[in-house]
Every structure is written in structure tokens, then in C-alpha cells.
Amino acid sequence: MTESSLASTATPDRDVPPLLSVSGVRKTYAGTGGGASTVAIDDLTFTVDKGEFVVIVGPSGCGKTTLLRCLSGLLAPTSGTVEFDGRTVAGVQAGLGVVFQEYTRSLMPWLSVRANVELGLHRLPKAERREQAERSLRHVGLVEFGDRYPWQLSGGMQQRVAIARAISADPRLLMMDEPFASVDAQTRTSLESMVLDLWVEAGWTGLLVTHDIDEAIFMADRVLVLSQRPSRVIEAIDIVLDRPRDQLETRASPEFQEYRRRITALIGQH
Ligand SMILES: Nc1ncnc2c1ncn2[C@@H]1O[C@H](COP(=O)(O)OP(=O)(O)OP(=O)(O)O)[C@@H](O)[C@H]1O
Ligand SMILES: [Mg+2]
């Protein structure tokens, strides 16, 4: 396959504004005790269209978590702007769901699984909160575990709780920071497929960051390849692979291998 045959066949509808618009975002962390400051991300610009599944892939430490924190309003960029649905993001925003990198730190150990999921629904009356939490737990296959505590569950199950919490409020955009990094390989592939099924079913827009090139290709409509820190987008690659994707067949296809070769080479050069 040639490089050009990997180009997108999709023609995005330019009349519809992007759901997320990131323009010239840069984040510098001040040094502590007179130490040097760290430029974590440098001039990042990209958009995410409604309904897309975009994956950002980049080496460890390149600034992926910093970027997601800026996009979700948890951290203010040093310069540049983030717009969600046409409005500048400043502070935590309704319609955005986030799954954090470390589920062990994002779930409250003193709350039951159900109460952890309900945390994302605090604005709703109690009965509705309960109903929506049950529905989310059912989606991730954990409805029988609502009364347990997170520490009574396996790592993969805990990450499913974190996903249930993020989807419980029906987000329009679900952002995920290395959501499968701390689980074993088999759990990881089943969680990847579960997230894709949920994406198709619920119709949210997906933005996932990972350092795993194969995972990026498997999940994405479009992969944004980041450089080493301070990160910038080296290239955006449309992934033209049939859906639904299959963990064995899709990954074994020559097209998949070619995407892997191309992205690995890009990351190696920067
Ligand atoms: N709160 C902070 N204060 C100062 N420096 C920070 C802070 N958070 C991150 N950094 C620095 O910013 C850079 C990017 O970190 P970040 O966690 O965003 O990278 P990452 O791509 O998510 O890494 P990983 O792949 O390991 O998750 C690193 O050099 C890190 O040391
Ligand atoms: Mg990170």
C-alpha cells in the first residue's frame, strides 16, 4: 500500500463547526525553588468533529495528561484557547466526561461503586441519580457490583467503574487519559472493544490519549501524532479501517501494519 492510499476517504462536513477546537495551546509549568520551568506542550492546534473518535499518541512524558487537563478545564493553558461547542473552556464544563490515567486515585475508596458513579450526577434528584448510575453500570457489565467498594474489585473492573462514572452524565465528548495503561493485556483489549461499542451505542465523541501505537490505530478515526516534549502535532493520520473492528482481524490486516510502520517511524524521527 502506498502512503497516499492511507489518506482519508472521509470528507468532513465543513459546514458543521467542530465540537472541540484547540488553538495554539501551550503550557509551561513554573519551576520550584528557583528551578527551571518546564514547557510541557508547545503550540498545539487541532479540532475534533462531532461523532469522531480521535486518538492522540505520543511518547511517555510528552505532555498528554497536561493537554487533557487543559482541554477539560482543570488547568488553564499558558497561552492559546480551547473551545468546546463554540464556547471557550474555562473551568469544569458540562457535557465533558473525563476518565483519568490512574483509576486508583480517581475512585473514592470509602464510597461504594454505585456512589462513585453517582458522583458524576450530583445535580440530579436522588431517584434519577440512582437510575442513571444503574444504567451506566449495566453498560460496563458491573450492575451486580454496585454495593461493593472499589478496592474489592480487580484493576480492570475499577477502570470500568471510572468509565461508568464518566458516561453516566451522557457526555457529548468523552476524554480518556491512558485509560487501559494499568491493566493486563487481555483486559486491555476487552476494555478497548467495550469503549468502541459504547461509543457506537451512545453516540458521544471520543478523544483518547495513549502511548500505545497499536491501541491508537485500533480505536481511531484519526490519530494525532505528538512529538517528544514540548509536544506539538507532527501529523494527523486518518485511519481508514472498517468498523466494527476486530481485535484479531483488524490488527492482522496489512493496512493496520502499514499504519503502525508509518506512526512508529514518525515518532522515531521526532
Ligand atoms: N504539576 C506539574 N508541575 C510541574 N511539572 C509538571 C507537572 N505535571 C507535569 N509536569 C511535567 O510536564 C511534562 C509532561 O507531563 P505529562 O504528565 O503531561 O506527560 P504525559 O505525556 O502524560 O506522560 P505519561 O505518558 O507518563 O503519562 C513532564 O516533564 C512532567 O514532569
Ligand atoms: Mg500522562
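Trainee: How many salt bridges does the structure hold?

Mentor: The structure, a predicted model, holds 18 salt bridges, each a side-chain nitrogen of Lys or Arg within 4 Å of a carboxyl oxygen of Asp or Glu. Local features need pLDDT of at least 70 and side-chain atom pairs count only at pLDDT 80 or more, while totals for chains, interfaces and linings use all residues; side-chain values use heavy atoms, without hydrogens and water. Residues are numbered from 1 along each chain as its sequence is written.

Trainee: Which residue forms a salt bridge with Glu 178?

Mentor: Lys 64 does, and the closest N and O atoms are 3.7 Å apart. Glu 178 sits in the loop between strand S7 (173–177) and H6, and Lys 64 in helix H1 (residues 64–71), so the pair ties together parts that are 114 residues apart in sequence. Helices (H or I, at least four residues) and strands (E, at least two) are DSSP runs, numbered from the N terminus.

Trainee: What is phi of Glu 178?

Mentor: Near 40°, a positive value in a residue other than glycine. Asp 43 also has a positive phi, near 55°, and is found in strand S2 (residues 38–48). Most residues other than glycine have a negative phi, and most peptide bonds are trans.

Trainee: Where is a cis peptide bond, then?

Mentor: One joins Arg 229 and Pro 230, with omega about -10°. Pro 230 is in the loop between strand S9 (222–226) and strand S10 (233–238). Another cis bond runs from Arg 243 to Pro 244, with omega near -5°, and Pro 244 lies in the loop between S10 and helix H8 (249–252).

Trainee: Changing topic, which domains does the assignment give?

Mentor: Domain 1 (16–95 + 172–269) and domain 2 (107–170), with bounds from an automatic or database domain assignment. Their C-alpha centres lie 24 Å apart.

Trainee: How much area do domain 1 and domain 2 bury between them?

Mentor: About 840 Å², 77% of it on carbon and sulfur atoms. That is the accessible area (1.4 Å probe) that two parts lose on being put together, summed over both. In domain 1, Leu 174, Met 194 and Leu 198 lose the most area to domain 2, together 41% of what that side buries.

Trainee: How many salt bridges are there between domain 1 and domain 2?

Mentor: The count is 0.

Trainee: Which helix gives the largest share of the domain 1 side?

Mentor: Helix H6 (residues 185–202), with 6 residues of the side that touches domain 2.

Conventions:
Chains lettered and ligands numbered in written order.
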